[in-house]
Amino acid sequence: MNWTLVGAVLLSTAGLLVLGVLALRLWLDVRALAREVEGAVGALQRAGEGG
């Protein structure tokens, strides 16, 4: 088997794994940010009603 081909496949696989980990981290960060924004909106609504 050609070692260049094996190396290319391994590097591609590693790259896809890294992209998957980064996508998972991005998804978790977006979820946390959405929770924070929701809390801020609720605080603004409560402050506006108490006005």
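1. The radius of gyration is taken here over C-alpha atoms, and the globule rule is 2.2 Å times the number of residues to the power 0.38. For a compact globule of 51 residues that radius would be near 10 Å, whereas the protein chain has 22 Å. Its C-alpha atoms fill a box of roughly 75 × 10 × 5 Å along the principal axes.

2. This is a predicted model, in which local features need pLDDT of at least 70 and side-chain atom pairs count only at pLDDT 80 or more. Residues are numbered from 1 along each chain as its sequence is written.

3. The protein chain has one helix and zero strands, helices being DSSP runs of H or I with at least four residues and strands runs of E with at least two. Of its 51 residues, 2% count as buried, that is, under 20% relative accessible area with a 1.4 Å probe.

4. Arg 31 lies over the face of Trp 27, at 4.9 Å from the ring centre; the criterion is CZ of Arg within 6 Å of that centre and within 35 degrees of the ring normal.

Note on methods. Heavy atoms only, no water. Buried < 20%, exposed > 50% of the residue type's maximum accessible area, 1.4 Å probe, protein only.
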